[in-house]
Amino acid sequence: MIKLKYFAAVRAAQKSQRPVAEMPPFDIDRLRAKGLASRIAGFLFNDPRWLLALLRRFWPNLAFGNFLLVTKGVDVRDILERGDEFETPYGPEMAELARGSNFILGMQDGAAYRQMKSAVLSAFPPAEVEAAVRPIAERHSRDVMTRASPGFDAIGGLMKIVPVRICRDYFGLEIDDETEFADWSIALSALFFSDPTASPTTRQLAIVGGDRLIKVIDRSIAAIRERGGKDERPLARLVALMDQGRLSQPDIHSIMLGMIAGFVPTNVLAGGNCLDVILSRSDARQAVDAAIAAGDTGKLDRAILEAMRFKPIWVGPWRYTARDAVIGQGTRRERLVKAGTVVMPATLSAMFDPEIVQRPNEFDTSRPYRDYMVFGHGIHLCIGAEIARIQIGECVRALFSKPKLRRARGRAGKMVNVGAYPASLKVDFERSPLCRTVDQSMVTVVCPIRRAVPLDAVRDKVGALGNPAIDEVG
Ligand code: HEM
């Protein structure tokens, strides 16, 4: 019988946790699923909407072990609005990885939650994102795509890199190796959000990844202090709050770990999935192409949001039932959920439930915002949605600005995952004539010049070699 990790297995793993120094070398590929069974599961569940539609109709609350999958849209919303009965279960591991301080997504509503949320919002105000993050996202997306050649890996080379550069240029983190930084954050996210059965491998990777990220955070704090000057970026703002005694060092670790793990892996996942949808559905592709051709950012955002609905980051978030609770009250599916049950309110299912969403299977960029649960629902609604919208929007714009962009042929053009996270998807496009490579050689010749020779005479001699210098040089 399947038993999900909240919370007995989490406590057991924490108790027997060995120090970082004893962990195997960090290798994100250890998250890669192996074997035929996982391939078949990947094929069946790549787009589980058919299965969720069946469940909604015949078995809206599916229980096995200590797990309950809830698929009816009204029940999904209801559960996510009842945070005191259905708690977020990420807290014990978030606090462990941050060495003592919990993060908002691991907390329930209350004074501590509100205090930390207000610190996070004052350091990362969504209102400044358009002006502060758009130019960074745009510049890096354009730079990456200017250098790209056909066969380009749109996930490893773009979707995974641009969020890291925003962590560097906007958050204010000192990052050495972009891919390593992304992989550490993916390891952390995997432990928090995609490790329901407490895999020892996932834990080992997260412990090492978390340790490396804390070192990056501490190094970045030290650099802020060394520079001393005015720094109006999120990390520097958090340091100022610490200096005023409003935050502790573990609080800063917790906030930064949470904002990094909430950002890089989630955007790789959301951006990768959304790209997969745009490249698979002609309606999505047309919407994106039309928005880019018109230079209409609002339209592009709507097309991306709608693409995300078709393949969101997960089937749904995790919740832990703190005390006995009734769901679907007064309906035929009314059910008592026992304390201790791990519940997944399936937001993916809710977004395709015709009882709450009109014509759910149509790709429609003019839906009301209430139809979307890609960024969650209720008090833990994503606070990074603005950053996500802008970063993914700029990546998609730069990518689809390449003429005739399409999947690479064969397996390279299919999305490959490492664990739950997209790792590669290669694309082809037509190179512009100016970018075609030609064979060139450049030779630098250094020769001594006697002081008495006038500079112009030397210039004349060099000029006489011609440009290009195709004659034999004696
Ligand atoms: C497209 C990308 C993203 C998606 C799809 C996404 C999705 C979500 C979802 C579904 C939740 C709710 C989780 C739950 O209820 O269990 C959430 C919460 C959260 N997200 Fe995001 N997210 C994205 C990007 C980001 C970014 C870029 C950041 C930070 C820079 C971020 C930071 C957070 C935080 C801090 C919370 C918790 C808020 C709270 O507890 O009050 N997310 N996100």
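This is a short chat about contacts and surface features in a predicted model.

Biologist: What kind of model is this, and how are residues numbered?

Modeller: The model is predicted: local features need pLDDT of at least 70, side-chain atom pairs count only at pLDDT 80 or more, and totals for chains, interfaces and linings use all residues. Residues are numbered from 1 along each chain as its sequence is written, and side-chain values use heavy atoms, with hydrogens and water left out.

Biologist: Which residues make the nonpolar surface patch?

Modeller: Leu36, Ile40, Phe43, Leu44, Phe45, Trp50, Leu54, Phe58 and Trp59 make a patch of about 1,100 Å². Patches are made of residues with over 30% relative accessible area and no salt bridge; like charges are joined within 9 Å, nonpolar side chains (Val, Leu, Ile, Met, Phe, Trp, Tyr) within 5 Å. Areas come from the Shrake-Rupley method with a 1.4 Å probe, and for residues only the protein chains shown count as cover.

Biologist: Which elements give two or more residues to that patch?

Modeller: Helix 2 (36-45) and helix 3 (49-58) do. Helix 2 gives the most, with five residues. Helices (H or I, at least four residues) and strands (E, at least two) are DSSP runs, numbered from the N terminus.

Biologist: Where does Phe45 lie?

Modeller: Phe45 is in helix 2. Phe45 counts as partly exposed because its relative accessibility is 45%. Buried means under 20% relative accessible area, exposed over 50%, and partly exposed in between (1.4 Å probe, protein chains only).

Biologist: Switching to salt bridges. How many does the structure hold?

Modeller: The structure holds 47. A salt bridge is a side-chain nitrogen of Lys or Arg within 4 Å of a carboxyl oxygen of Asp or Glu. In one of them, Asp169 pairs with Arg139, and the closest N and O atoms are 3.7 Å apart.

Biologist: Which parts does that pair tie together?

Modeller: Asp169 lies in helix 9 (residues 161-171) and Arg139 in helix 7 (residues 129-147), so the pair ties together parts that are 30 residues apart in sequence. Asp169 is partly exposed, with a relative accessible area of 21%, and Arg139 is also partly exposed, at 39%.

Biologist: What about Asp176?

Modeller: Asp176 forms a salt bridge with Arg219, the closest N and O atoms being 3.8 Å apart. This pair links distant parts of the chain, with Asp176 in the loop between helix 9 and helix 10 (178-193) and Arg219 in helix 11 (residues 200-227), 43 residues apart. Asp176 counts as exposed, at 67% relative accessibility.

Biologist: New topic. How many disulfides are there?

Modeller: The count comes to zero. A disulfide is a pair of cysteine sulfur atoms within 2.5 Å.

Biologist: Is Cys395 buried or exposed?

Modeller: Cys395 counts as buried, at 0% relative accessibility.

Biologist: Last one. Which ring does the charged end of Arg281 sit over?

Modeller: The ring of Phe310, with the charged end 4.2 Å from its centre. A charge sits over a ring if NZ of Lys or CZ of Arg is within 6 Å of the ring centre and within 35 degrees of the ring normal. Arg302 lies over the face of Tyr369, at 4.4 Å from the ring centre.
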